[in-house]
Amino acid sequence: MKFKLITLFLFAAAYAFLISLPASAQTLTAREIAEKNYLAGKISASISEATFRLISANGQERIRKTSGTSKLKSGSLDNRSLVTFLTPADVKGTMILTIENSEPGKNDDIWIYLPALKKIRRLISSNKKDSFVGTDFSYGDVIGYKVDEWKHTIVREELFAGNECYVLESLPANDQIKDDSGYSKRLSWIRKDNFTALKAELFDLNGSPLKTIRLSNHQQVDAANHKWAAFTLEAENIQTMHKTIIEFSHYEVSQKIRDDVFTPRFLESAR
Amino acid sequence: MKRFIETIIRYRKLTITLNILLTLFLISQFRHLAIVVDLDTLLPQTHPLVAATNKIGQMFGNKLTVAIGVTATQGDIYNQRVLGKIQRITAGVMNLPGAVRSNINSLSSRKAKSISGDADGMIVRPLMEKIPVNPAGLAALRHAVETNPVYSNLLISKDRKTAQIVAEFKKIPGGFLAIQKNLNRVVDQERDESVLIEVGGTPVFLALLEKFSARMGFLFPLAVLVIGLIHYEAFRTLQGLILPLVTALMAVLWALGFLGMSGQPLDVINATTPILILAIAAGHAVQILKRYYEEYHRLHTEKPSMSLKSLSREAVALSLSKVGPVMLMAGGIAAIGFFSLVIFEVKSIQTFGIFTGFGILSALVLELTFIPALRASLPAPGTHEIQREKAITLWDRIALAAYNAAQNKRKQVYFAALISIAILSVGGYWLKIDNSQKAYFYGSLQEKQDDNRLNERLAGTNTFYILVKGKSEDSIKNPQVLRGIEAIQRFLEKDPLVGKTISIVDFIKKMNQAMHGDDPAFFTIPQDQNLIAQYLLLYSNSGEPGDFDAYVDTGYQNALITTFIKSDGTAFVSVLIDKVKLFSNQLFGRDADIEIGGGISGGVALTETMVREKILNILQIMAVVFIITSLVFRSVWAGMLILVPLLAAVSVNFGIMGLLGIPLQIGTVIISAMAVGIGADYGIYLSYRLREELRKGGDEASALRRAFQSAGKAILFVSSAVAGGFGILMLSWGFWIHLYLGFLISMAMLVSSASALTLFPALVFHFRPKFIFEERLK
């Protein structure tokens with residue numbers, strides 16, 4: 001009798017486990033979701049204007065206005081972007097050129113043009129965990145994380161901000177990726193319908209919560225290619241309580257951008 | 001008065017019930033009592049240093065800095081074992097409740113970055129992301145640390161033997177003891193033979209303050225016991241032991257209840273105040289009890305036919321009608337004196353005044369209602385008890401000796417008084433005012449030794465800050481302002497006790513050097529504001545947004561110069577602050593101005609306020625005593641003579657402090673107020689009794705002697721009980737504040753009772769003022 005009860009219990013447990021597996025996991029893998037999300041953010045070319053609001057732990061705020069240009073390398077998903085500061089006056093004309101290099105063994109390139117020095121400088125340590133022009137976003141957060149450098153799992157599906165979402169857990173594939181990104185874990189809330197991310201929770205190398213990124217105000221900027229862009233991006237460092245909000249006032253997909261804009265020579269000629 | 005007491009006796013059951021109900025109600029008010037260990041309660045809030053401290057707190061966060069030193073016992077710290085400890089302690093501290101994560105600085109914190117340069121530009125990297133695994137890595141780390149002078153003496157000592165973790169903490173529930181306990185848990189895991197670990201800084205000492213103040217839990221009952229025993233020795237009766245203590249304890253309970261209702265917080269410095277209330281309340285109770293026994297004995301002899309119970313009740317009414325008004329006057333004067341301390345700017349002293357004032361008023365109410373009702377309900381004293389109380393003891397002999405001195409050896413009394421006042425005034429000349437918090441504690445305590453060693457090896461565990469306020473956003477990037485900041489830093493660093501200064505300038509100079517291929521010739525402030533702004537932007541590409549939060553605000557309108565100091569003596573810091581103010585005057589022109597505050601500057605503010613307010617405070621209480629005494633006796637003479645024992649007690653207090661090198665600080669500053677408050681009672685009780693006995697007529701000498709044997713003897717009882725109760729505090733090992741209070745109050749009681757019993761009556765007998773000798777003059 002006792003034996004039978006245990007068997008019954010084991011069967012019940014196994015059955016409960018099987019039905020608890022999410023239905024969608026059988027149709028779309030975690031990796032596929034991550035890939036669709038990565039692609040959703042790859043916009044062929046754009047021009048934009050944005051306001052950066054840097055907010056300190058005690059609520060003091062600093063505003064910087066920028067204009068931006070971006071374009072994917074031809075035949076590649078690697079992005080190139082140029083950000084130019086418009087205000088405040090003392091950094092006006094400062095430009096930052098970011099070139100993503102996905103070939104193995106190559107680092108991303110970051111160049112900065114300082115008008116006061118009238119010289120371009122190459123930022124040598126272009127680790128993805130570095131701050132993106134002094135914001136709470138890292139370069140990695142802005143450029144995006146290559147799908148196969150992370151191991152993805154769907155932890156659950158839930159409604160977030162009124163949208164059906166996958167909650168994707170991404171763990172660095174190796175220690176190098178972990179060190180370079182500065183994250184031991186990422187949790188992303190990805191919309192089921194268009195695969196844009198709405199929120200990310202990022203954990204530091206010790207596994208403690210480090211940042212929360214919220215993306216909102218999504219607009220379809222390229223209907224033909226089903227591309228969406230978040231017009232409001234917010235990154236909050238939970239450890240320092242520092243916060244950055246980037247708001248796009250203008251965003252336009254444009255095919256007219258020349259490739260030579262994204263070269264160090266262009267920066268030098270811009271003075 | 002007599003009719004009032006008779007009513008109380010008639011409705012004694014109701015009176016007792018009402019008193020008990022009131023006591024219960026007041027005990028229920030304890031729930032509103034906030035007990036705080038808050039430095040703010042000790043600081044004069046409108047003092048410029050304190051105002052600046054608050055401003056700095058709002059802009060840059062409140063700074064309570066803990067310093068943890070890790071010293072290698074062999075070789076230097078550049079080895080994996082010691083670096084591993086530094087990394088683990090840093091990570092551990094980072095995760096503690098109350099730790100300000102963004103302001104933890106150590107070789108392994110993210111905040112500590114190396115700025116260097118090469119042909120391409122500036123390289124910004126955390127000093128030590130991972131512990132180097134080979135000699136080359138260790139050498140590279142050493143190079144990075146040593147080429148960033150901002151970390152020298154702060155994160156690592158000049159001899160490379162000690163590394164320091166500097167962490168900032170906010171207050172947490174459970175107080176500083178909880179912070180210290182958490183810190184010890186992190187640090188203790190890393191202690192072994194390879195390192196010495198020392199923990200220092202303000203929070204450690206605030207934790208000690210909490211710990212030692214909690215000793216009142218057993219010191220108070222001990223004081224109660226000692227006061228009770230002295231009363232028992234004095235009266236030799238059980239009622240003499242118990243009744244004054246009942247009044248005293250209830251007065252303490254009532255005062256705590258009233259304090260809760262008033263919303264005034266109870267701070268650590270006021271933890272000793274219940275003993276004062278206990279002592280004063282017991283003192284009044286003793287005067288009345290003494291009189292009760294006298295009256296009872298007299299009635300017993302005069303009306304042997306009366307029942308003992310009625311005799312006792314009649315004695316209660318008589319004693320209170322005679323002593324009650326005196327008690328009301330003496331207690332009223334003291335209470336007004338203490339309440340008048342609310343004009344003090346320091347919250348802690350306000351609390352002290354209100355608390356003690358409530359305590360005295362409570363004692364008066366209890367002595368006029370609860371105690372007569374209770375005594376009338378208790379069985380009358382037996383003959384045996386009366387005989388024991390009446391027995392001639394040492395107390396009588398002292399009282400009579402005092403009478404003889406005042407009457408017959410006046411010259412000697414004056415001479416002795418003058419000599420002692422002269423000697424002690426000389427001592428007062430040496431009196432130093434210093435609010436060093438660390439000086440509250442014995443040098444032999446582990447915490448003190450740790451702190452001293454950290455001060456010897458590194459920049460210093462004490463800080464204060466210079467806030468440079470620019471006119472508008474980005475003012476701080478102005479090269480002129482930056483040069484001014486640098487000039488202040490170099491000026492401060494000339495002082496041998498200043499271990500280090502840090503500001504945004506240190507980083508900007510390093511950036512400039514990095515951008516010029518690390519050429520040391522460019523370790524300077526650039527000339528162009530835009531260039532400075534762009535360097536900072538460039539830095540921000542590799543740093544983190546909060547990296548400079550401790551040095552500039554978000555808008556670059558205000559900057560902070562942190563000064564590390566090896567001493568927390570306020571006398572020294574006060575001089576330094578004045579010098580900096582003078583130096584930086586005109587330094588910035590119209591671009592910026594400065595304010596100084598934070599850290600140990602609070603002690604300076606306290607010292608400066610105390611000098612002024614202390615004198616004011618003593619004068620104030622004396623003025624209250626003078627005015628009310630003059631009014632009540634309708635004689636200015638009375639007011640002046642009453643002040644004599646008080647002046648003696650105060651000057652002896654300051655004299656002894658000067659001679660023994662006891663500093664005047666927040667703990668000792670209230671002693672003279674206590675001495676005056678209690679001392680005034682003696683003169684008043686004695687004066688009334690002298691007048692009363694003289695009014696009875698008869699032989700003047702025996703009338704005066706009788707006054708000495710009753711009121712004089714009671715003064716001896718009271719002063720010994722107060723001295724004994726406070727003397728208990730001297731048992732509090734490690735904590736100078738308790739020791740000073742115990743010793744100085746005992747001394748003050750000795751002096752004020754001695755002068756109330758010799759010098760005061762000598763003057764009275766000498767000048768024969770009308771307010772005492774009126775009947776004789778007629």
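**Ground rules.** This is a predicted model, where local features need pLDDT of at least 70 and side-chain atom pairs count only at pLDDT 80 or more, while totals for chains, interfaces and linings use all residues. Residues are numbered from 1 along each chain as its sequence is written, and chains are lettered from A and ligands numbered from 1 in the order in which they are written.

Helices and strands here are DSSP runs numbered from the N terminus (H or I, at least four residues, for helices; E, at least two, for strands).

**Chain B overall.** I count 28 helices and twelve strands in chain B. Its C-alpha atoms fill a box of roughly 115 × 50 × 45 Å along the principal axes. Of its 778 residues, 58% count as buried.

**Domains of chain B.** An automatic or database assignment sets the bounds. I have domain 1 (4-33 + 215-391), domain 2 (64-112 + 155-213) and domain 3 (393-437 + 601-778) of chain B. The C-alpha centres of domains 1 and 3 of chain B are 22 Å apart. Their contact takes 41 residues from domain 1 and 43 residues from domain 3 of chain B; two residues are in contact if their C-beta atoms, placed from the backbone, lie within 7 Å. On the domain 1 side, helix 8 (216-235), helix 10 (273-302), helix 11 and helix 12 (347-368) of chain B each supply at least two residues. Helix 10 of chain B gives the most, with twelve residues. By class, I get 28 nonpolar, seven polar and six charged residues on that side of domain 1 of chain B. Nonpolar covers Ala, Val, Leu, Ile, Met, Phe, Trp, Tyr, Cys and Pro, charged covers Asp, Glu, Lys and Arg, and the others, Gly among them, are polar.

**Where A meets B.** Here 31 residues of chain A are in contact with 29 residues of chain B. Strand 2 (61-72), strand 5 (109-114) and strand 6 (119-122) of chain A each give two or more residues to the chain A side. That side of chain A has eleven nonpolar, 13 polar and seven charged residues.

**Strands in chain A.** I followed strand 7 (residues 150-160) into strand 8 (residues 163-172) of chain A: antiparallel, ten bridges. Strands pair if DSSP finds at least two bridges between them. His152(A) has Ser170(A) as its bridge partner. Two residues sit between these strands in the hairpin, and Ala161(A) takes a positive phi near 50°. Strand 8 of chain A also pairs antiparallel with strand 9 (residues 185-191) of chain A, over six bridges. There, Leu168(A) has Ser188(A) as its bridge partner.

How values were computed:
Buried ≥ 20, exposed ≤ 12 C-beta atoms within 10 Å, placed from the backbone.
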